[in-house]
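Hi everyone, thanks for coming. Have a look at the model on the screen, and I'll talk you through a few parts of it.

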Amino acid sequence: MKQNTYKIAPVLLLCLMLIPFSTASEESSGMVLKIGTPNVVKSASILGDSNMGVFAHLSNPTLMKMAADGSLEGLTARSYEVSEDGKTWKFIIRDDLYWSDGEKLTPEDVQFTFDYLAENYPAAGWMKETVNDISTQDDAVIFKLNKPYSRLNLEFATYPILAKRIWESIEEPMEYTNEGEMLGFGPFYINSTDLGTGVIYFKRNPHWKGASPNFDSVEIHAFANMDVLSLALEKGDVDAYYKYAGTYPYPSVKKLEDTGNFEFVEKDNIGLIFLGMNLKKEPMSDLSFRKALSYAINYSEMLKLDALGFGQVPNAGFVPPSMMNFKQTAQLEQNLSLAKSILDSAGYKDADGNGILEGKDGKDINLIFLTRTDYQRVTELMVDYLKDLGIESEIKNVDSSTWIKQKDAGEYDLTITRSTPWGMLMHANWGTGYFDSRRTGEGVLHVLEDPEFHKLCDDILAATSQSQLQDYAYQVQDYYGENLPGIALYWNKVVTPYNKAFSGWYSDPLYGIFNVDNFLSVEKSR
Amino acid sequence: MLSGKKATRYAIALFLIISLNFFIPRSMPGDPLTNLLGEDISLTASSVQELRERMGLDRPLSQQFLDYWHDILRFDLGYSFHLHRNVSDLIYDRMKWTLLLSLPAMVMGAILGTLLGARAGWKSSALRRTQTGFIMAIYCAPPYFISLIALYLLSYKQGLFPLKGFYSTGSALDIAHHLFLPSAMMTLFSLSRNYMIMKGSVLQEKGSLYATFARAKGLYDEQILFRHVFKNALLPIITLLALDFGFILSGALFIEIVFSMNGMGSLIYDALLSRDYPVLQGSFLIITIMVVSANLLADLLYSYLDPRVRWQ
């Protein structure tokens with residue numbers, strides 16, 4: 001007995017020591033759907049933390065949503081109409097939406113949201129320059145613009161609708177954090193956010209009048225380590241995987257398949273990996289040089305080595321087929337002899353016979369290849385392709401902040417980067433936001449100063465009909481194909497694994513499986 | 001005792017390091033605004049300017065430096081625009097967990113490492129050679145790899161421990177359950193380092209004249225080791241423990257990443273990537289204070305254990 005007491009004593013002592021650290025955390029109850037993600041939420045701020053902002057769409061849906069085919073439909077809005085001049089947009093708000101405390105969602109909440117975001121949320125600063133007035137009329141919210149703006153419905157597929165009575169007293173929305181219950185009007189609302197465990201707990205909204213969800217709660221479990229997240233999936237600790245603008249790692253897909261317990265949602269990505277060039281510097285400003293580069297790349301090899309074949313060889317038109325108004329342009333191909341002859345005709349010759357081509361200034365071409373760890377393998381392949389062409393390049397591997405800084409300062413020649421789904425849609429759509437020199441942003445290159453391209457972007461923004469938009473979309477893709485401001489390296493698939501015990505998964509091109517419709521359709525198989 | 005000269009030296013070191021803490025983050029390319037909103041968010045020029053003003057980045061560097069010292073003297077560590085909280089609250093929240101994870105591991109690693117290392121250095125046997133081989137393998141292997149293997153075998157395969165986090169339900173037992181494996185891994189790494197140093201140190205000391213004299217006096221092995229050799233062999237370990245103590249907050253980074261724990265290591269790492277100056281400055285300040293205090297403590301311990309240091 002005495003011996004047992006000695007054995008138990010250290011355990012008791014440890015527990016006593018841990019009591020000050022004890023914390024009330026939520027426990028799962030009822031039918032729970034658990035999603036594992038590498039998108040770690042660092043603060044419980046739905047407007048200040050980009051990951052939290054994505055997850056909050058389940059509790060605070062957006063005004064519009066993107067359907068599986070890329071078209072736009074109402075979400076909080078039942079329908080919408082736009083005037084012929086494209087300057088008045090009227091969104092009819094659904095009348096069956098209720099906040100989780102039982103209060104009805106009103107058009108005033110929607111009006112408040114956009115007035116408030118325009119004034120206080122830097123990422124919505126464009127509204128101050130575009131929207132003249134927001135008003136309500138019965139069950140509609142009317143936006144009067146100072147110029148036609150074809151993308152308003154698309155922009156409104158990203159901002160969460162906020163409760164006026166809560167947010168009107170909050171002066172700095174990005175700094176507002178709440179780890180407790182947050183009012184929501186979606187099928188689920190955020191019951192708590194535990195940053196210590198990295199879990200967001202959603203509960204079913206008792207006042208939701210739409211199709212009934214098949215779960216009592218949804219939990220988002222964040223993992224700092226991708227390998228451990230894969231183990232958690234296999235072990236059944238989480239039921240599905242989600243990553244915004246990303247796929248489940250291709251090398252790990254086979255292992256999950258082999259367990260026999262998983263199925264996959266495979267969706268063509270509207271984002272892509274591409275070769276960016278500093279068009280403000282020689283020789284990248286020379287179209288012949290860019291064309292030669294495009295023929296130097298072995299696209300099939302790149303697709304096989306970097307994406308394990310989950311995708312396809314891209315076209316010169318850059319924009320992937322999964323985007324609305326895709327136009328078929330010439331497929332990119334490797335043709336080294338053609339690449340060399342283009343360079344030769346354009347005056348890039350190896351006059352001194354050292355194996356390296358000289359630029360128009362007579363000096364050996366030695367390019368700075370700015371890259372980040374995520375793109376190391378692709379960059380190394382690119383360096384080899386350039387070498388085959390007689391072009392030397394030096395890899396400069398940096399962290400994300402340094403990449404942004406050096407990219408903005410133009411301290412590079414070539415870079416490998418990616419476009420996210422929203423990135424492809426931002427600005428004038430179809431990837432224009434990455435190239436237009438009038439733009440700034442963390443991920444964009446803003447290197448294209450061509451007035452023809454600028455005009456095309458402005459025309460898209462001012463378009464007033466779908467047929468006009470389609471026409472401009474085709475022109476943009478032709479422009480990309482002819483001028484190659486960026487070269488797509490491959491179009492890939494987004495692979496999202498889920499446990500076979502669940503069915504009914506639905507993915508949209510913008511947020512993947514993290515959309516309201518999906519959480520209403522998923523159910524546990526019998 | 002701490003002399004006036006030494007105290008002045010510590011005060012100057014503290015001033016210089018705290019000043020460096022301001023300049024080091026700013027010497028990296030970028031600033032806190034560079035990586036604030038996400039890769040596909042675009043800002044208008046006026047929004048950028050507004051944010052720079054709010055973050056104090058529009059002020060001259062000299063002014064920012066003065067503000068920095070002004071805040072430190074008022075014990076104000078500033079505000080993180082990336083994490084939307086006061087830095088002191090953030091550090092308090094993360095530090096308590098990291099200390100809970102690292103401190104027991106450091107203490108256990110020090111005690112076990114020195115005792116086992118001392119014995120292994122003092123007398124060789126087949127068992128001790130095997131033990132040294134095993135510990136050397138741990139010492140040489142990357143902590144990330146070993147931790148992942150342990151997690152795979154014990155958490156995934158055997159299901160003995162959770163895969164992530166400091167807790168799930170938050171009860172004391174639950175926390176202990178979550179902390180056991182990461183803490184045991186840290187203990188193992190600390191133990192292996194201390195073991196190897198102590199073993200080498202004892203090997204060196206046991207050939208000294210005083211050890212031979214003690215044996216000639218007829219003392220038993222255990223008495224020679226723990227009364228005479230141990231004390232002298234301990235000196236390099238004290239220096240290392242002082243360093244360990246200083247880096248106890250940031251040293252658990254790999255463990256925090258493998259076990260998805262939101263501690264100080266990941267806080268500093270994320271702040272470094274996002275150029276979150278206030279968090280970096282605040283964390284560096286705490287580390288500075290800990291390093292300087294640990295060195296001070298090591299100084300005092302040295303003079304207690306080694307009379308030669310006292311006489312100097």
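Let's begin with a term: the bend at a residue is the angle between two axes, one fitted to the seven residues ending there and the other to the seven starting there. Also, helices (H or I, at least four residues) and strands (E, at least two) are DSSP runs, numbered from the N terminus. This is a predicted model, where local features need pLDDT of at least 70, side-chain atom pairs count only at pLDDT 80 or more, and totals for chains, interfaces and linings use all residues. Residues are numbered from 1 along each chain as its sequence is written, while chains are lettered from A and ligands numbered from 1 in the order in which they are written.

So, where is the kink in helix 6 of chain B centred? On Leu151(B), and the kink is about 25 degrees. Leu151(B) is also buried, as are Ser147(B), Leu148(B) and Ser155(B); buried means 20 or more other C-beta atoms within 10 Å of a residue's own, with C-beta atoms placed from the backbone. Among what covers them are helix 7 (226-235) of chain A, plus helix 7 (172-205) and helix 11 (253-258) of chain B. Just past helix 6 of chain B, Gly159(B) has a positive phi of about 65 degrees.

Over to chain A. An automatic or database domain assignment gives domain 1 (30-269 + 501-526) and domain 2 (272-493). Their centres, taken over C-alpha atoms, are 32 Å apart. In domain 1 of chain A, 22 residues are in contact (C-beta atoms, placed from the backbone, within 7 Å) with 23 residues of domain 2 of chain A. Strand 12 of chain A gives the most to domain 1's side, with three residues.

Conventions:
Contact = placed C-beta atoms within 7 Å. Buried ≥ 20, exposed ≤ 12 C-beta atoms within 10 Å, placed from the backbone.
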